[in-house]
Amino acid sequence: MVEYRIDRHSGVATYVQIVQQTKQALRLGVLRPGDKLPTAREVVEATAINPNTVLKAYRELERDGLVEARRGLGTFVRRGLSTAPADSPLRSELGAWAVRAREAGLDREDVAALFTAVLDEHFTTTGPAPSPGQTSQGESQ
C-alpha cells in the first residue's frame, strides 16, 4: 500500500503531492490494477491533512481514469502506468548513482537539480533518443 509523504515546505499543493505520489507508485508498479488506495481517514491520520484535500486528489485521479471510487468499499486502482518496474536494472543503476552523488557531497536539492537538467536535455525534443555520447540535439560530447 502507498504511504503518502507531505512536504509542507515544497510549495506544491498538498492534493497535487498526493496525485504525484500515486502516479509514481503506478509507474513503478507499487500500485497495480485492483489495489485499494488508503482511505481518506487513513491518509488524514498519517499526514494530519484535511480529508477534503485527500478526496480532491482522489477525484482528480478518478477523472484521469486511474482509480475508481466504489461506494462503501473505497477507492481502487483501475489501470497502472507501469513501464519501469521497481526491480528494473535501471533503478539499481540510478540508486548506485545517487549513493555516489551523496558521497560526493551533493544534497537532495543538488541531485534533483542535476537530474532535472539531464532529463530536460534528453527528453525535451521529439524524435529518436540520442545515442550514448550525444546530446538531444545530436551533437557529440
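Reader: Which residue does Arg70 form a salt bridge with?
Author: Glu68. The closest N and O atoms of Arg70 and Glu68 are 3.1 Å apart. A salt bridge here is a side-chain nitrogen of Lys or Arg within 4 Å of a carboxyl oxygen of Asp or Glu.

Reader: What are the ground rules for these values?
Author: This is a predicted model, where local features need pLDDT of at least 70, side-chain atom pairs count only at pLDDT 80 or more, and totals for chains, interfaces and linings use all residues. Residues are numbered from 1 along each chain as its sequence is written, and side-chain values use heavy atoms, with hydrogens and water left out.

Reader: How many salt bridges does the count come to?
Author: Two. Besides the Arg70 pair with Glu68, the side chains of Lys23 and Asp64 meet at 3.3 Å, N to O. Lys23 lies in helix H1 (residues 14-27) and Asp64 in the loop between H3 and E1, so this pair ties together parts 41 residues apart in sequence.

Reader: And what is the exposure of Lys23?
Author: Lys23 is partly exposed at 22%. Asp64 has 34%, also partly exposed.

Reader: Switching topic. What pattern does the chain follow?
Author: Along the sequence, α-α-α-β-β-α-α. That is five helices and two strands. Helices (H or I, at least four residues) and strands (E, at least two) are DSSP runs, numbered from the N terminus. Of the 141 residues, 23% count as buried.

Reader: In which sense do E1 and E2 pair?
Author: Antiparallel, over four bridges, with E1 at residues 67-70 and E2 at 74-77. Strands pair if DSSP finds at least two bridges between them. Arg70 stands opposite Gly74 in E2. The strands form a hairpin with three residues between them, and Gly72 in the turn has a positive phi of about 80 degrees.

Reader: Which residue other than glycine has a positive phi?
Author: Ala48 does, with phi near 60 degrees. Ala48 sits in the loop between H2 (40-47) and H3 (51-63). Ala48 is exposed, at 64%.

Reader: What span should H5 have?
Author: 22 Å, for 16 residues (108-123). The rule is 1.5 Å times one less than the number of residues. The end C-alpha atoms are 22 Å apart, which agrees.

Reader: What reaches the backbone nitrogen of Glu109?
Author: A side-chain oxygen of Asp107, to within 3.2 Å, at the start of H5.

Reader: Which residues make the nonpolar patch?
Author: Leu94, Phe115, Leu119 and Phe123, about 390 Å² in total. H5 gives the most, with three residues. Phe123 is in H5 and is exposed at 66%. Patch residues have over 30% relative accessible area and no salt bridge; like charges are joined within 9 Å, nonpolar side chains (Val, Leu, Ile, Met, Phe, Trp, Tyr) within 5 Å. Areas come from the Shrake-Rupley method with a 1.4 Å probe; for residues, only the protein chains shown count as cover.

Reader: Last one. Gln17: buried or exposed?
Author: Buried, at 5%. Gln17 is in H1. A polar atom of the Gln17 side chain lies 2.9 Å from the backbone oxygen of Val12.

Technical notes: Polar contact = N/O pair within 3.5 Å; in protein donor to acceptor, adjacent residues only side chain to side chain. Buried < 20%, exposed > 50% of the residue type's maximum accessible area, 1.4 Å probe, protein only.
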